Amino acid sequence: MKGYRVLLVDDEELALAGMEHGVDWPSLLVGHIYKADSLKSAKEIMRRHPIDLMVSDIEMPGGSGLELIRWVKKEYPQTVSIFYTCHADFSYCQDAIRLGAADYVLKPIPYEELEDVIRKGLLSVKKNMEIQNMEELWGELAREPQGDSPVELVKKLIAENLTVEISREELAKAVYMSPDYLTKLFRRENGMSLSEYIIQKRISLAKKLLVTTSLSVVEISQRTGFSYSSYFVRIFKKKTELTPQQYRERYGCDTRSPGPLQ
């Protein structure tokens with residue numbers, strides 16, 4: 001690894017020089033430092049160079065740091081941002097955190113303390129890189145003809161857990177992916193969202209239980225992973241245009257046709 005890439009943004013030349021020379025960048029494994037003195041120059045640098053972490057002031061020519069971080073979050077979401085500013089306004093801090101800033105540091109602080117803040121930010125960068133690498137690996141495996149793809153593994157997990165609630169986060173963790181990446185991959189390969197697929201499978205199981213058992217609607221809702229029977233009835237009717245009881249009466253054991261189960 002050649003080192004992390006850091007962008008320092010401040011309209012004060014002394015502040016930029018202080019950060020550049022006051023922080024022990026080699027100890028943080030930073031290999032490239034870029035400097036910008038305005039919103040425009042910061043954007044130009046980010047368009048030309050991949051940036052892992054940005055340390056920015058709030059007020060600068062041509063726009064604010066808040067505007068910059070909003071743009072970075074949209075265009076380069078993998079970049080971790082830290083505000084290093086003399087503005088102690090709580091509303092600024094709130095906006096910064098809301099926009100995804102990893103930290104909000106007030107000037108002046110000892111460079112050793114600033115290093116600790118940057119170190120934490122770089123740990124987030126490292127974690128994001130590891131997640132991205134794992135997702136790319138799974139993506140490659142998904143294209144291999146042999147073995148189960150991550151999506152197929154998720155489908156198996158869903159089938160094995162239809163009787164209990166299982167979250168998107170739990171499924172993503174099981175296949176070493178982020179929830180958002182798994183959601184996109186699942187929709188791309190199946191033409192439906194993860195939640196739609198889970199409901200489809202639970203409704204299919206509910207249909208089978210309705211026509212082959214004498215379990216009550218409440219019991220069936222519990223055995224198909226629905227927290228509340230009222231929610232189960234509502235979803236079941238939305239998908240089948242029949243209430244569970246109506247479905248049982250129409251396709252139950254005393255009729256010749258069990259009805260569509262898929």
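**Charges and contacts**

Start with Glu-20, which is partly exposed because its relative accessible area is 25%. On terms: buried is under 20% relative accessible area, exposed is over 50%, and partly exposed is in between, with a 1.4 Å probe and protein chains only. This is a predicted model, where local features need pLDDT of at least 70 and side-chain atom pairs count only at pLDDT 80 or more, while totals for chains, interfaces and linings use all residues. Residues are numbered from 1 along each chain as its sequence is written, and side-chain values use heavy atoms, with hydrogens and water left out.

Now the partner. Glu-20 forms a salt bridge with Lys-35, and the closest N and O atoms are 2.8 Å apart. The pair links distant parts of the chain: Glu-20 sits in helix α1 and Lys-35 in strand β2, 15 residues apart. A salt bridge here is a side-chain nitrogen of Lys or Arg within 4 Å of a carboxyl oxygen of Asp or Glu. Helices (H or I, at least four residues) and strands (E, at least two) are DSSP runs, numbered from the N terminus. Lys-35 is partly exposed, at 40% relative accessibility.

How many salt bridges does this rule give? The count comes to eight.

Next pair. Asp-57 and Lys-107 meet through their side chains in a salt bridge, 3.7 Å from N to O. Asp-57 lies in the loop between β3 and β4, and Lys-107 in the loop between β7 (103-106) and α5 (111-143), so the pair ties together parts that are 50 residues apart in sequence. Is Asp-57 buried or exposed? At 6% relative accessibility, Asp-57 counts as buried. Lys-107 counts as partly exposed, at 21%.

What else touches Asp-57? Leaving aside neighbours within four places in sequence, its contacts include Val-9, Asp-11, Gly-65, Phe-83 and Lys-107. Contact means heavy atoms within 4.5 Å.

Third pair. Arg-168 forms a salt bridge with Asp-180, with the closest N and O atoms 3.3 Å apart. Arg-168 is in helix α7 (residues 168-174) and Asp-180 in helix α8 (residues 179-190), so to speak of distance in the chain, they are twelve residues apart. Arg-168 is partly exposed at 33%. Asp-180 is partly exposed at 48%. Back to Asp-57 for a moment: salt bridges that share partners join Asp-10, Asp-57 and Lys-107 into one network.

Now the surface. Asp-11, Glu-12, Glu-13, Asp-37 and Glu-59 gather in a patch of negative charge. Patches are made of residues with over 30% relative accessible area and no salt bridge, with like charges joined within 9 Å and nonpolar side chains (Val, Leu, Ile, Met, Phe, Trp, Tyr) within 5 Å. Asp-11 is in the loop between β1 (4-9) and α1 (13-22). Asp-11 is partly exposed, at 36%.

On to a helix. In α2 (residues 39-48), the buried residues are Leu-39, Ser-41, Ala-42, Lys-43, Ile-45 and Met-46. They pack against β1, β2 (30-36), β3, β4, β5 (63-64) and α3 (65-75).

Last stop, Tyr-111. Tyr-111 is in helix α5 and is partly exposed, at 31%. Tyr-111 and Asp-24 are 87 residues apart in sequence and 8.4 Å apart in space, C-alpha to C-alpha. Leaving aside neighbours within four places in sequence, Tyr-111 is in contact with Gly-18, Met-19, Gly-22 and Val-23.

Conventions. Accessible areas come from the Shrake-Rupley method with a 1.4 Å probe; for residues, only the protein chains shown count as cover. Lys and Arg count as positive and Asp and Glu as negative; His and the chain ends are not counted. The place of a charge is taken as NZ of Lys, CZ of Arg, CG of Asp or CD of Glu.
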